[in-house]
Amino acid sequence: MSNTLQKILYVEDDESIAEIVKMSLEDIGDFEVLHCFSGITALKEVENFSPQLVLMDVMMPDMDGPETMLRMKAMPSVADIPIIFMTARAQVQEQKQYMDLGAIGVIVKPFDPITLCDRIRDMWEKS
Amino acid sequence: MPKKIISERALPRLLLRMLAIMIIPASLTYYAWHVATENLAQASQAKFETMALESERALRHRMDSYHQALLGGRGLVESAGSVSHDEWKAYVNALDVATNFPGINGIGIIEDVQKDSIKEYIQKELLNNNRRLNIHPDVSHNNYYIIRYIEPESINLPAIGLNIAFEKNRTEAADRARDSGKAAITKRILLVQDAQQTPGFLLLAPIYNPSMPINTAEQRQKAFLSWVYAPFIGKNFMNDLTESQGTTLNLEVHDGADDSEDSLIYKNSTDSAASTPLFTITKELQIMQRTWLIKWSSTASFESQTSNNEPLLIAVTGSFFTLLCGIFVVTSSIRNQGEVVLHRNRFLPAIGFCFISVATLFVYNIILQTENELISKDVKREAEVFRQVISSNVNNRIEALSRMADRWTTAEGSKRQYWQRDAQNLITDHPGLKVVEWVDPNYQVQWVEPLLGNERVVGLNILFNEERQKALEGAAAHDKVTLTPPLDLVQGYKAFISYFPVRKNGEFDGFIAGILSIEELMRDVLQGSNTSQFAITLSYDGAPFYHSNKTGSTETKLFFSEIIELHDKQWSLSVTPSASYLSQTQFILPETTLIIGFVLSLLIAQLIFTTQTAQQKTALVQEKENLLATFVRHTPAAVAMFDTDVRYLAMSSRWQKDYGLQDKNVIGKSHYEVFPEIPIHQSHWLVLHKRAILGEVIISEEEPFLREDGAIDWIRYELHPWSQGDGSPGGLIMFTENITERKKMDSMKDEFISTVNHELRTPITSIMGALGLLRAKNHKQLDPKSEKLLGLAYENSERLSYLVNDILDTEKIAAGKMNYDLKETEMVSLVVDIVEQNSSYAERHSVKFVTKNLVSAAYCNVDAHRFNQALTNLLSNAAKFSPTGEDVEIRIEITAEDMLHISVTDNGPGISKTFHSKIFDKFSQEDGSSTRTKGGTGLGLNITKTIIEAFAGEVSFVSTVGKGSTFSFHIPTIRVDRIKDIA
């Protein structure tokens, strides 16, 4: 695994946000981003793509972020990939809950797309 | 509330009370009935005894009067020496046997003739009286007792010439009379002249030669002349002795001491089939030297007469009275049962008292009247008996004297010797007759018998006064007896004198006078009478002259008077019951009734009073209980009270409703019986209950409660102990609030807020992200206007984001759901970081944050994230309101009290004083107009204050209009490191 963060699997059901985040990550952070619209797709793609980080929305239809993460952690090949949640649920408790599940960080929506890449990188490096 | 007349619980108590009250009048009634019955039996017995006594007296009197008649005959024979048939006939005729001596068959003379003198005797009789005697039957022995005369002859023909010595009964009686000098009767015999041959007897009185002594049996045999005799047929003699005989009293007379059929002389009833009489008296009487056995028995008629209705009346009245008492108790109880008696009727005890008292007086009066009636009846009956006894006895003596006078007249005067013998006999035979006198036609006393002690009387002129003279002269003229009023005689006793005019050769020949001592006369008369029970008073012309009871006082209200007719005088007889009779007859019943009645009245009054008081107390308690019960029932919370065994004592309606107990009666039941799931699944409640009972107050804001059906109820509860009056644990009071619904609502609300949060933030995220990227990419490439517009769009989307955050926070605060993760946090670096994070915002407003730190490190117990939010609010406000280019100063200090002091000072417009008080209110902004320029929700300071207060801190501010404002946090520290070298 490279020492710098390059490959990010991004899971988000909202198209607009996904577009903006993708743009921010690719244009500002210069990351290689694979965007999946659902947790199920993400689970299918994650092994092939083998990202260094998974950035994942919490509230998604069919399979939400925490479940997707739990399933990933259950897949040995991808179990070690750090995961950052993005959520509109800004409550401290909820954030703590996600951290307890094994996430390395929580980014609260709305976020600043300019500083987003720096924050992700910080979190990734700290983990 | 349904109104029952008597509750089931009260019924046995009421019955008991009723019985208790009724037992007194019932006992009284029984006692009264018993006494009345006894009384009646005694009265009947007494009445019967009186009737028997009356019968006995009548029998004795009849026998005495016949004896008198015989003595009269004897007097005639003695005074005349011998009597011719005509003289005898005249004498007997004068007696008018049929009228005056009912039952007597005749009066005759029997003479003792030697067998060898019979012929001579018959010759003499033929010569003297021209009668041929048929002497019969012949006997072997020497003595013939021949009936010479018997008048009236017509009905006694078979007896003339009869030798009564033919039979030993007759002979024996004749010998006994002769030898004893007294009259004697034969045993039961059958008279020869009685065709029906019913039982009878002979009465024989001896006649002696007056000139010979008769002190011994031998002397009497020597002096004996003949017998005067009377034959009796039992049924004629005994018939109609008294009015009662045959109607209310049966009489049976036997000769001798046994009551066999052979000895029967008389029996008025032949009805042997009659039932056994209730009352009988058997008595042996000494009658003319023979013993008679007399049997009196009551008749059915008497028994039915004497059974009066008094006991029945008492029983009925008493029962009625008892019933009234019972009804009184019941009605008063029922009246008081139906309603809550807070105000008792003060008059009820008095009414009860009066009611029973009046009833008592009524009963007392009835009993008293009945008793007096009974006594009056007795007195009246006794008075009649006394009247008869006195009248017959006195008249009997008068008649004896009268016959003496008749003999004087018949014999044309008398020899003094014969007169004396006659008088002596009279005095001997008639107790009370003290002196017999012959008064000559000149009204001077000539002969006196006995002379001894009466010597002064001889020669006395008896015409003492005009009245006496008139009476005596009148008597002489009309040949009638006259009696003096009762007199105090010179001899020293009280007496009355009867004067009988006598004639000689048709001329007035003075009087035979008899002096009768009233005291002695009455003593004899009243012998065997009921003088211990009744007192009699005799008066003449209104002046009493004799009292039978000389000492004891008697009841004067109950007396009865009778008139005793004695020839030309009238005595008044007054009979009063004696004290001893009254004590026997007057029972304690009336007084007892009165006392018990009054005691009962008092008891009833007392009972009513206490019952009322108790009822009133109970009612008051009941009312209080009702009030409390109502209060508890309607308490708008689920409250229940339990005893130390956690059994239900009371509960509110809400409790019943919350736990589905509406239709169940759980009072008295264990809480664990009502909710069996508690000991099974929620056993910790048992511990909680125990702790509460022992005095602990336990409060829980929310706790799940697993119901039996598996459902979970969320409850908030409080357990409080309660104590008894003596301070000992009474149990616990449980207050619960079923917050399940609220919990549901809360969770729905949370869900809603969460959803709104997400749904609002998602587009804001897109907008802000897009604008942010656009600004970053096209920096310096856009014309200034476009860039300004882009900036405005970004700022406002940012503002919208804050607004959403603030609104959600405010919601959380309002719902009490703002959660703080309090941790010991180093505040200086935290403040510096936050200032740093917000510096870009300051730059946007062209201001600069300047931190003045006087502390190296300070540790406080805060939630860093929330502190960030609070301080950010102050910083953004300061940045917003500072004029361009100005500094915003952030100071970090530690006060003397080790409080962390963080202040943010701007040089803005300041806050007007009028707004100072509203600055921390929700949605408060000084510039409330729609044209305000600074933005913000007006929620920031409110949220800030709430957060800082959650850290036990305070928010304050100082502001001067035109100069700026300083907002400060004061937060207690845990520990502090001060920087010493900073000024």
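## The model

The model is predicted: local features need pLDDT of at least 70 and side-chain atom pairs count only at pLDDT 80 or more, while totals for chains, interfaces and linings use all residues. Residues are numbered from 1 along each chain as its sequence is written, and chains are lettered from A and ligands numbered from 1 in the order in which they are written.

## The sheet in chain B

In chain B, 4 strands make up an open sheet with antiparallel pairing, in the order S18-S17-S20-S19. Strands (E, at least two residues) and helices (H or I, at least four residues) are DSSP runs, numbered from the N terminus. Two strands pair if DSSP finds at least two bridges between them. Strand S18 (543-547) and strand S19 (560-566) of chain B are the edge strands, each pairing on one side only. From one strand to the next, the twist averages 30°.

Strand S17 (residues 534-540) of chain B is joined to S18(B) by 4 bridges. B:Ser539 has B:Pro544 in S18(B) as its bridge partner.

## A helix across the sheet

Helix H10 (residues 347-410) of chain B lies across S17, S19 and strand S20 (569-577) of chain B, and runs at about 15° to S19(B). Axes are lines fitted to C-alpha atoms, for helices over the stretch in contact, and angles run from 0 to 180 degrees between N-to-C directions.

## Where chain B touches chain A

In chain B, 19 residues are in contact with 20 residues of chain A (C-beta atoms, placed from the backbone, within 7 Å). Helix H20 (740-777) and helix H21 (784-815) of chain B each supply at least two residues of the side that touches chain A. H20(B) gives the most, with 14 residues.

The residues on this side of chain B divide into 5 nonpolar, 12 polar and 2 charged. Ala, Val, Leu, Ile, Met, Phe, Trp, Tyr, Cys and Pro count as nonpolar, Asp, Glu, Lys and Arg as charged, and the others, Gly among them, as polar.

Definitions and conventions. Two residues are in contact if their C-beta atoms, placed from the backbone, lie within 7 Å.
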